Amino acid sequence: MAGPRTPLLRPDSYFDRHDGSPPFAHAAAAVAIVTVVTAVGLAVFLGEFAAALDVPVTVDNPAYPGDAFCEDSVLDDTPSGCGEPREVQRSLGALVAEELSWLPPAAVAIVPLFWLVQGGVLHAASALADGEGAFADTLAVAGWGMVPSLARLLAVGALVVFRLRTVAVPGSPEGAVDALRAAIGGVEAVGLVAAVAVAVWAGAIRTYGLADARDHSVGTAATIVGVLTAIGLAFELV
């Protein structure tokens with residue numbers, strides 16, 4: 001009977017089946033999925049935020065060169081754009097989304113980098129406990145340990161989107177911001193609960209994976225993973 005194809009539900013059987021050397025390509029594909037879903041999730045959030053905060057604000061018109069060029073200019077010819085209005089109305093949500101538009105593409109680089117950092121930390125901690133095995137195997141374990149974070153992303157993201165779509169936003173920018181802040185005020189607590197649940201799930205994957213990949217006992221691997229997980233959760237609470 002074939003063993004499990006991923007370590008998400010039966011990590012002990014999965015890693016035992018691969019004799020301590022889980023397929024690196026499979027883990028890399030899993031990280032690629034996490035990367036794409038994270039980037040798409042951020043793009044969806046920015047779109048929903050812009051739609052929810054569709055409140056007009058008056059801003060300087062970027063097409064207008066400025067009074068120094070249009071009214072006080074010593075130039076003989078009037079610069080292009082001086083016929084444009086000094087100020088225009090824009091959607092506050094669209095402005096914020098534009099300012100944060102770098103987040104989705106940045107996730108494409110940050111998630112794989114985070115994978116390498118996690119793998120390096122896990123490998124170094126294992127080495128301190130006399131672990132033996134290739135870094136690629138530790139990296140595969142770290143990669144699979146990132147997959148449960150998708151459950152947190154989807155759960156918290158769905159809650160945020162629901163609240164953004166159902167909140168009543170006043171017409172003033174200040175009132176709209178306050179309304180959105182109140183609407184998503186309880187998301188932090190849900191996110192923390194999700195973080196703990198995901199940490200336990202990911203911890204189980206990393207524990208059995210590290211035990212097989214680095215020739216540790218399950219108890220030693222659990223201690224290593226537990227300490228690193230506790231440190232990671234502590235940083236989230238700061």
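I'm calling a residue buried under 20% relative accessible area, exposed over 50%, and partly exposed in between, using a 1.4 Å probe and protein chains only.

**Ground rules.** I'm working on a predicted model, where local features need pLDDT of at least 70, side-chain atom pairs count only at pLDDT 80 or more, and totals for chains, interfaces and linings use all residues. Numbering runs from 1 along each chain as its sequence is written, and side-chain values use heavy atoms, with hydrogens and water left out.

Most residues other than glycine have a negative phi. Asp215 has a positive phi near 60 degrees, and I found it in the loop between α9 and α10. Helices here are DSSP runs of H or I with at least four residues, strands are E runs of at least two, and both are numbered from the N terminus. Is Asp215 buried or exposed? Asp215 is exposed, with a relative accessible area of 59%. Asp130 also isn't a glycine, yet its phi is positive, about 65 degrees. I place Asp130 in the loop between α5 and α6, and its relative accessible area of 65% makes it exposed.

**Helix spans.** For the expected span I take 1.5 Å times one less than the number of residues. α9, with 27 residues, reaches 37 Å from first C-alpha to last, close to the expected 39 Å.

**What α2 hides.** I listed the buried residues of α2, among them Val31, Val34, Thr38, Leu46, Glu48 and Phe49. Their cover includes β2 (87-91), α4 (92-99), α5, α6, α7 and α8 (173-183).

**Core.** A nonpolar core, for me, is a set of buried Ala, Val, Leu, Ile, Met, Phe, Trp, Tyr and Cys residues joined through side-chain atoms within 4.5 Å. The largest one has 25 residues, and Trp115, Leu122, Trp144 and Leu210 have the most contacts inside it. Two or more residues each come from α1 (11-17), α2 (24-52), α5 (103-128), α6 (135-146), α9 (187-213) and α10 (218-237). Which element gives the largest share of this core? That's α6, with 6 residues. Apart from this core I noted another, of 13 residues, including Ala52, Ala176, Leu180 and Ala194.

I then checked Trp115, counting contact as heavy atoms within 4.5 Å. Beyond its neighbours within four places in sequence, Trp115 touches Phe24, Ala28, Val31, Leu139, Ala142, Gly143 and Met146.

**Pro7.** This one sits in the segment before α1 and is buried at 0% relative accessible area. With neighbours within four places set aside, Pro7 contacts Tyr14, Phe15, Trp144 and Ile205. Pro7 and Ile205 are 198 residues apart in sequence, but their C-alpha atoms are 6.4 Å apart.

**Pocket.** On a 1 Å grid over the protein atoms alone, a pocket is an open set of points where a 1.4 Å probe fits, with protein on both sides within 12 Å along at least five of seven lines; lining residues have an atom within 4 Å of a point. The largest pocket holds about 1600 Å³ of space. It has 47 lining residues, and Phe114, Ser149, Arg152, Val198 and Glu236 are the closest to its centre. Which element gives the most to the lining of the largest pocket? I got α7, with 10 residues.

Methods: Points joined across faces, edges and corners; volume = space filled by probe spheres on them.
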